[in-house]
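Me: I am new to this structure. Please walk me through how to read its features.

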Amino acid sequence: MTIAGLVRAEEFTPPGPGDFELPALFGGVDKPMLQLVLAALLVVGFFWVASRRGELVPGKLQFAGEQAYTFVRNGIARDIIGSRDFMMFVPYLVALFFFILVNNFFGLVPLIQFPSFSRASFAYGLAALTWVLYNGVGIWRHGLFGYLKHQSVPGGVSGPILALIIPLEFISNILVRPFTLALRLFANMFAGHLLLILFTLGGEYLLLTSDVAFYKPVGVVAFLLAIAISFLELLVQFLQAYVFTLLTAMYVSGAIAEEH
Amino acid sequence: MNWILAAEGEPNPLTPHVAEIVLGIVVFAILVALVRKFVVPNFEKTFAERTAAIEGGMAQAEKAQAEAKAALDEYTSQLTHARHEAARIREDAREQGATIISEMRQQAQTEAERIVGTAHTQVAAERQQVLEQLRTEVGAIATTLAGRIVGESLEDEARRRRTVERFISELESQDASPASSGGGR
């Protein structure tokens, strides 16, 4: 309110959650929805073209595809789940990692510049699928009650303390996981994008709209910071895709493990 | 809660939207299905083929190595065999040479003895022959001598008799000494 008094020209409205509610382009379909589909097409298109030839001595494209594929196949799936069962989960984990990665990178791609997963509901969907997957294979491997016991009763604990441990383990392993998984991805993308638009819109306002001469160099600084934050975001976008996939693999590994 | 209430005009970003959740799940499920069907089998097939090719190459190299080793072993064994053979042949030759030398020596000795024997016999035979001849000649000379003696001096019977007796005895002593010396040899 005090700032409004000082600034005579248009008032600066800081960006908020409202900036993530994009208008529908046609019939209830908005930009993030199209991005989601585009990301899926890009991922499957790239991998299909890269893997189609299947030459023993790969070309550049095939080599890139193999590197990306083996990064998830060996670096995440095989290392976490173990060489006995991991092949079953490779398609899911590969798709998951690159789907999230491409959608996150959309936050910095020119003309798109919106991370799909800053819409929380998309993250909810993926977390729900992961939840169904790891609980499903756990029940398939151990039976319903065997699985509940497997997840809720840690080995080596006995006596009255079990009364405390069992609900805690059940809540942390079965109930809370999908929420932390979804919120971690969503919050990182949301906050990163908010920070970026704050610095760019704020910089623009200080540089162009504000009457105070002193604000103009500050606006330049704001733009420079926005560029620096973009590079930070690039790292965060990769890490969040990696963490989501890694945690999914760890949940699956924990669910099908023979013993704790 | 306070923030949510305060920002009455702002939407809550955590609010789930069913359409978005469903879309996210459907799109991702289709992606997983496509990756499973078209991407993973291709890559795994390529990897398997590559592994097989590398292992095949290694097997081939191992086979070649084994063959080379077998050939080397064979050559080595052949060489050893040949060395043994050569040593054996040398040994045989030496033995054979020694045998031949001793045989030859034996033969030479025999031959020498035979020659010496033959020579002795011949010498003896020739001596006998000479002796015979001599005896014949001495007989002839004696006859001649006797004829002359008979022809020249018939007057002195006693002298004649002595002369003949002396001649005969001389002849006998002459005959006896070479005969005794020849028998003594």
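Me: What percentage of the 185 residues of chain B count as buried?

Reply: First, the ground rules. This is a predicted model, where local features need pLDDT of at least 70, side-chain atom pairs count only at pLDDT 80 or more, and totals for chains, interfaces and linings use all residues. Residues are numbered from 1 along each chain as its sequence is written, while chains are lettered from A and ligands numbered from 1 in the order in which they are written. A residue is buried if 20 or more other C-beta atoms, placed from the backbone, lie within 10 Å of its own, exposed if 12 or fewer, and partly exposed in between. Of the 185 residues of chain B, 6% are buried.

Me: Which elements does chain B have, and in what order do they run?

Reply: Helices (H or I, at least four residues) and strands (E, at least two) are DSSP runs, numbered from the N terminus. Chain B has 3 helices and 0 strands. From the N terminus on, the order is α-α-α.

Me: How many residues of chain B are in contact with chain A?

Reply: Contact means that two C-beta atoms, placed from the backbone, lie within 7 Å. Here 30 residues of chain B meet 35 residues of chain A. The chain B side has 19 nonpolar, 5 polar and 6 charged residues. Ala, Val, Leu, Ile, Met, Phe, Trp, Tyr, Cys and Pro count as nonpolar, Asp, Glu, Lys and Arg as charged, and the others, Gly among them, as polar.

Me: Which residues of helix α6 of chain A are buried?

Reply: Start with the general idea. An α-helix has 3.6 residues a turn, so residues three or four places apart point the same way. In α6(A), residues 144-152, the buried ones are Y147(A), H150(A) and Q151(A). They fall within an arc of 90° seen down the axis, so they line one face of the helix. That arc is taken from the directions from the helix axis to the C-beta atoms. The buried residues of α6(A) pack against α5 (120-142) and α7 (162-175) of chain A. On the other side of α6(A), F145(A) and K149(A) are exposed.

Me: At what angle do α3(A) and α9(A) pack?

Reply: Axes are lines fitted to C-alpha atoms, for helices over the stretch in contact, and angles run from 0 to 180 degrees between N-to-C directions. Helix α3 (residues 60-81) and helix α9 (residues 215-256), both of chain A, pack at about 30°, with axes 8 Å apart. α3(A) and α9(A) are therefore roughly parallel. Angles under 35 degrees count as roughly parallel, over 145 as roughly antiparallel, 65 to 115 as roughly perpendicular and the rest as oblique. The contact of α3(A) with α9(A) divides into 9 nonpolar, 2 polar and no charged residues.

Me: And how do α2(A) and α3(A) cross?

Reply: The axes of α2(A), residues 31-52, and α3(A) come within 8 Å and cross at roughly 120°. α2(A) and α3(A) are therefore oblique to each other. Their contact has 7 nonpolar, 3 polar and no charged residues.
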